[in-house]
Every structure is written in C-alpha cells, then in structure tokens.
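Me: I would like to go through a structure with you, one question at a time. Could you begin with a term that I shall need?

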Amino acid sequence: MTDDLAGARVGPEGTGAGAAPLLEVRGLRVAFPLERRTVYAVQGLTFEVHAGERLGIVGESGSGKSVSAQSIMRMVPFPGKVTGGQVLFEGRDLLGIPDAAIRSVRGSKIGMVPQNPLSSLNPVITIEAHFREVLSRHLGLSRSEARVRAVELLGSVGIPDPAQRLHEYAHRLSGGQRQRVIIALAIACRPRVLIADEPTTALDVTIQAQILQLFDELVAGANLGAVLITHNLGIVAAHCDRVVVMYAGRVMETAPVVELFRSPSHPYTVGLLRCVPRVAMHKARVFATIPGLPPQVTELRDGCPFAPRCDRVSEQCRRETPALADIAPGHALACWNPVTDAAARAEAASV
Amino acid sequence: MTTVQVQLEPAKRASTSFWHAAWYRYRRNRLSVVAGAVALVILVVAVVAPWVAPYREATIDLTHVLARPTWHHWLGTDEIGRDTLTRLIWGDQTSMSVAIGAPLVGALIGLPLGILGGWFGGALDWVVLRLIELFTMVPTILAALLFITVFGVSVWKLALFIGITLWVGFARLARAQYLALRDRDFVQAARAGGVPTWRIILVHILPNAAGPVIVYFVQQIPYTIFTAAGFSFLGLGIQDPTPDWGKMINDAETYLATDPLLVFVPVVAIALACLSFSFVGDGLRDALDPTSK
C-alpha cells in the first residue's frame with residue numbers, strides 16, 4: 001500500500017542530502033472562503049524534509065505556518081480548503097488519499113505535537129487511556145502491551161515514576177510534564193515525521209529549553225524528519241538544520257540554518273533577524289521592529305506580498321511576484337532586490 | 001513549651017478523577033445527601049414494589065371500605081377497600097417508571113440530534129435547529145394531551161408522550177456542549193493522533209459533556225412526576241386498576257372532608273419525590289457543573 005506510487009517520487013532539488021525526502025510539500029495552496037471574501041492563507045508553499053533533518057518554519061503570526069502544518073495532516077479547520085499542491089509522503093500524495101487512509105497516517109506515520117500542551121490532553125480520561133487509544137489503533141497492541149509500551153515511552157521522555165503517572169489525569173501534571181506526555185504520544189507509534197507547532201509557546205523559558213532538547217534527542221535517536229514551527233529565531237538557530245521563512249503564505253527564503261544566519265538575503269529575513277532582542281540593544285532602549293502588519297491576503301494580485309513593508313521596494317516588486325530561485329546550493333530566495341550589503345547582513349547576523 | 005508536630009508523611013492520595021472530585025463536592029452539600037438517600041429509597045421501593053407491598057395491587061377488601069389505619073391496613077383503605085399503603089407503593093413504581101422513562105426517551109431522541117448538529121454543523125445543524133424551533137413553539141402539555149387523546153394511555157405510553165416533549169432541552173444542551181467542545185485542543189490533538197470521528201464523539205467529548213446532561217436529566221424528573229400526576233388528577237393519565245399517585249388524589253378528593261388521610265398520603269409522596277429529586281439535581285449541578293453557579 002505504501003510503495004505503489006513510489007515512482008512518483010521526485011528527487012531533492014538543490015539540497016545537500018542525496019536520498020529522497022521523507023516529506024515533500026509542493027505548491028500547497030490553502031484558502032478560507034468566508035462570507036464576503038476569501039482569505040488565501042497559503043499560496044504555493046514548497047519545502048521538503050529529509051530523515052534526520054529538523055526543518056524550521058518561521059514567520060510572523062498569520063503568515064500561514066500553522067495552517068501549513070494542519071494541511072499536511074489534512075486537518076485544516078472549517079471553512080478552510082486545500083486548493084492546490086501536493087503533500088508527498090512515502091511516495092503518496094496525502095491530499096488525495098481516502099479519509100480512512102489519512103487517519104492511519106495521523107499519529108502513526110506522522111506525529112504531531114500541538115501548540116498548547118495545557119489543553120491538549122483530555123481532562124476526563126487517564127494518561128494511560130490516551131496511550132492505549134493510539135497504540136491499539138495503530139499498532140494493535142493489547143491493554144497490557146500498551147501499558148508496558150506507555151511506561152517505556154514516558155520514561156524515554158523523562159517523566160519520573162512513569163508507571164504511577166499512567167493512572168493520573170492531565171490536571172495533576174505540570175505544563176512541562178504534559179508537553180512531555182504529548183511528545184511521548186506523538187512518537188508512540190514510531191512515526192517517520194514529527195511536526196511540532198510552536199511546542200513551547202505555553203511553557204516558561206527553562207522548560208522550553210528542556211523540551212527542545214528532548215525534541216533534538218528524539219529526532220536524532222529515531223532519525224526522524226522534523227518540522228518545527230515557531231516565530232522564535234533563537235529556537236531556529238539552536239534546534240533546526242534548515243529554515244523556511246514564510247510570509248503571507250509564501251516562502252520568502254529558505255536555506256541551511258548557518259547559511260541563513262550568515263548571509264540572510266531577503267529583506268524580510270534581515271528584518272526578522274534584526275528584531276531578535278539582544279543584550280547590546282538595551283542602550284538604544286527600543287526594540288527593532290518591521291513597520292506595519294502582515295497582510296491578510298484576500299485578493300490574488302501580482303507583486304511581492306512584502307512590498308508594502310519593505311525598505312528596498314522597487315516598481316518591479318509591486319508589479320511582479322518574484323519566484324523562488326536558488327542563489328546558492330540549498331539557498332533559495334524570492335526577491336527582486338535581495339540584501340547583498342555586507343554591513344546590513346552583519347548587523348542582522350550578530351544574533 | 002508547645003510541641004509542634006510535623007507530619008513527615010507526604011500527602012499521598014490516588015489521582016482524583018473528575019468523578020471523584022464531583023462526589024467530594026456533592027458530599028459537602030448535606031441537603032443533597034439527605035435528598036439523595038430519600039430519592040434512593042423511593043427508587044428502590046419502586047423496583048421491589050411487588051415484594052414489599054402488603055397486598056396485590058388490585059386487591060379489594062369490601063369489608064373494610066374507607067377504613068382508618070389498622071394493623072391490617074397501616075394507612076387505611078379507600079372507598080372500594082383498596083389498601084392505601086399498597087397503592088402508595090405500587091403508585092411509586094408507576095410514578096418512577098414515568099419519571100425516569102420520560103427523560104430517558106427525551107435524552108434518547110434529543111442527545112443524538114444535538115450531538116450530530118453540534119459536531120457536524122452545516123446543513124445538518126440547520127435541520128436540527130429548525131426542528132428544535134418547531135417543537136419549542138408547540139406547548140408541551142398540549143402536545144402530550146393530544147397524544148393521549150389520540151393513542152390512549154398506559155404507563156409506557158405516558159413516559160413516551162412526555163418524553164417526546166422533553167427532547168428539545170436535551171438536544172439544545174448536547175448541541176451547545178458539542179459546539180463548544182469540538183474545537184478544544186484535546187479534540188484536535190485526538191484527531192492528529194488518528195482517532196476516528198465516532199470515537200472522538202463518544203469517548204472524548206461525551207464524558208466531557210456528561211456533567212450538564214446528567215444534571216439536566218435529574219432536573220427533569222420532578223417536572224415529569226408533577227406533569228404525570230397532573231394528567232392523572234385530570235383523569236387523563238394512568239387509568240384503573242394501575243395505582244398512581246395522581247389518580248389517588250383524584251379518587252380521594254371526594255372524601256377530603258371525611259377522610260383527609262386518603263389525600264394526604266399521595267400528596268406527601270408526590271411532594272417528597274419532587275423535592276428530593278430537585279435537591280439531588282441542585283447538588284449534582286453544583287458538583288458536576290461548577291460554571292453554572
């Protein structure tokens with residue numbers, strides 16, 4: 001069942017890795033038809049994730065990060081609809097397979113760590129029941145087998161006294177522990193891909209570091225392909241191998257993490273990097289910002305979506321949409337007037 | 001010098017589930033606990049009526065008509081010599097059958113409709129909402145009366161007819177619950193874990209919605225007891241020979257001046273049943289649905 005479409009696999013384009021990507025998103029489009037207008041949340045998103053690779057997707061709120069993650073799992077909330085593109089996983093287009101088939105991919109082949117750990121566990125069923133549910137459904141484990149595996153999993157994510165914890169309800173665990181439980185659930189069926197949608201936003205900083213470290217260990221240990229969605233460039237720098245910078249539902253720039261931080265080329269990327277607070281900044285007493293707000297795209301129009309907020313905007317930017325093109329191996333960019341100025345880059349890269 | 005005793009033993013308690021916590025909250029309300037005990041007795045007596053009643057339900061003792069309480073007839077007899085205690089106990093069974101049966105019918109019709117409307121939304125929800133509106137417009141008592149005149153009456157028919165008028169509340173409640181719960185993070189998380197829709201509806205959301213539903217169910221019991229007794233009093237409810245509290249009041253009304261006990265007994269029974277279930281409902285509401293305070 002999994003490999004009948006293997007021929008449709010497309011080799012990596014311009015990436016360092018030689019093998020076919022685990023997960024490949026091509027030209028994804030998601031639209032939300034509302035009563036009076038349509039919001040085009042994702043417009044032609046393209047990226048790929050290889051085994052053992054941690055891909056970071058960054059962008060401001062409303063740039064389409066979460067919706068992209070949801071569409072990989074075919075879980076775009078009503079009335080959103082995927083209007084185009086492909087999500088290739090193990091040679092199959094997940095957007096085209098039947099509902100029953102996608103349910104056996106969710107939580108089994110692709111694990112998801114949702115945004116808010118505090119409310120993502122059902123308050124009226126025990127931790128054990130959460131595990132039993134996915135383990136019996138996807139792996140066909142019996143009650144006692146599931147219990148053994150759940151203890152093992154909880155131990156592996158660093159929960160003390162896992163056998164005791166199994167009988168408890170979510171409200172007895174701390175936020176960090178709940179997120180560990182959720183991560184354990186996401187990897188319970190040994191998925192190939194792990195998607196984490198801002199896994200640490202609801203946690204405090206010290207716990208954030210622990211959770212992300214756990215994330216790194218799991219990805220390395222199981223050679224997973226991981227997608228980490230965040231708006232925190234600091235997290236990206238420390239916990240990702242490649243970065244996709246999203247804006248208004250499009251990829252603005254994508255590069256290996258070191259490359260992106262060393263030579264950011266899109267004015268938006270440079271702007272984002274400049275916004276990262278750092279110690280030297282307290283002298284200036286202001287935080288750097290990108291003026292304006294990310295747009296809610298309700299009309300499909302030519303031109304770069306970042307043009308209204310860009311300091312390097314030209315006539316061409318307003319008329320024509322720049323296409324994503326390689327500027328170096330593994331480094332692609334969608335911009336007519338990329339930042340080449342070494343000084344600006346250096347300032348941005350001093351993170 | 002005072003000695004301060006420090007408890008070194010760590011507070012160890014088994015994990016409290018939602019239901020444990022609810023029972024703890026319920027227990028603190030003494031009135032509800034007492035009412036719960038009374039309600040339990042009423043229910044148990046209803047179930048074991050055939051074994052505890054001193055006589056068969058329709059036994060007539062024409063030698064003792066309108067008798068005062070005696071050793072043979074603890075609560076006296078009525079105008080055709082039927083033992084009042086026997087009729088009280090059998091009437092309990094009748095009343096409870098209707099009182100539990102009607103909300104059960106209402107829940108069986110209303111919950112699935114409300115759940116479907118709330119979960120799936122869209123056209124299905126539109127239909128459910130229009131149905132709710134349609135039935136809200138019809139006065140419930142008149143509707144039940146209409147059914148009784150057309151189809152006749154028995155204990156189960158009465159439960160069915162009153163139940164049909166009760167489904168709207170259950171549907172509305174379930175719809176609201178599912179509407180609120182379907183977008184909660186843990187539901188999304190369950191979907192992301194590949195849990196099938198039916199399991200999410202039944203295993204993940206239903207227990208979360210159960211509190212308010214149980215409270216509403218119990219609150220409908222006194223209403224139903226009263227409505228059923230009302231029908232019987234009007235002569236439209238349960239008919240002879242089936243004993244029924246409302247019917248007992250109706251029969252005894254004529255002898256109110258001479259034999260007040262005959263009216264007094266069923267009136268107290270109805271009042272006690274209504275009150276106890278009401279207080280149980282209040283206690284459950286406070287215990288299960290802390291938001292409604």
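This is a predicted model: local features need pLDDT of at least 70, side-chain atom pairs count only at pLDDT 80 or more; totals for chains, interfaces and linings use all residues.

Me: At what angle do the axes of helix 6 and helix 7 of chain A cross?

Reply: They cross at roughly 15°, and the axes come within 10 Å. Here helix 6 of chain A covers residues 175-186 and helix 7 of chain A covers residues 205-222. Angles under 35 degrees count as roughly parallel. Helix 6 of chain A and helix 7 of chain A are therefore roughly parallel to each other.

Me: Is that crossing right-handed or left-handed?

Reply: The crossing of helix 6 and helix 7 of chain A is right-handed.

Me: Which residues meet there?

Reply: Helix 6 of chain A brings Gly175(A), Gly176(A), Gln179(A), Arg180(A) and Ile183(A). Across from them, helix 7 of chain A brings Ile207(A), Gln210(A), Ile211(A) and Leu214(A). By class, this contact has 4 nonpolar, 4 polar and 1 charged residues.

Me: How many bridges join strand 11 and strand 12 of chain A?

Reply: There are 3 bridges, and the two strands pair in the antiparallel sense. Strand 12 of chain A consists of residues 331-333. One bridge partner there is Ala332(A), which pairs with Asp326(A).

Me: Now to chain B. How many helices and strands are there in it?

Reply: Chain B has 10 helices and 0 strands. Of its 293 residues, 41% are buried. Among contacts in chain B between residues at least 6 apart in sequence, 70% join residues at least 24 apart.

Me: How do helix 8 and helix 10 of chain B cross?

Reply: Their axes come within 8 Å and cross at roughly 165°; helix 8 of chain B is residues 197-233 and helix 10 of chain B is residues 260-288. That angle makes helix 8 of chain B roughly antiparallel to helix 10 of chain B. The crossing is left-handed.

Me: Which residues make that contact?

Reply: From helix 8 of chain B they include Gly211(B), Ile214(B), Val218(B) and Phe226(B). From helix 10 of chain B they include Ala273(B), Phe277(B), Gly281(B) and Arg285(B). The residues of this contact divide into 15 nonpolar, 4 polar and 1 charged.

Me: Finally, how many residues does the contact take from chain A and from chain B?

Reply: The contact takes 25 residues from chain A and 17 residues from chain B. On the side of chain A that touches chain B, the elements giving two or more residues are helix 2 (99-105) and helix 3 (127-139) of chain A. Helix 3 of chain A gives the most, with 4 residues. The residues of that side divide into 10 nonpolar, 9 polar and 6 charged.

How values were computed: Residues are numbered from 1 along each chain as its sequence is written. Chains are lettered from A and ligands numbered from 1 in the order in which they are written. Axes are lines fitted to C-alpha atoms, for helices over the stretch in contact, and angles run from 0 to 180 degrees between N-to-C directions. Angles under 35 degrees count as roughly parallel, over 145 as roughly antiparallel, 65 to 115 as roughly perpendicular and the rest as oblique. A crossing is left-handed if the near helix is turned anticlockwise from the far one by less than a right angle, and right-handed if clockwise. Two residues are in contact if their C-beta atoms, placed from the backbone, lie within 7 Å. Ala, Val, Leu, Ile, Met, Phe, Trp, Tyr, Cys and Pro count as nonpolar, Asp, Glu, Lys and Arg as charged, and the others, Gly among them, as polar. Two strands pair if DSSP finds at least two bridges between them. A residue is buried if 20 or more other C-beta atoms lie within 10 Å of its own, exposed if 12 or fewer, and partly exposed in between; C-beta atoms are placed from the backbone.
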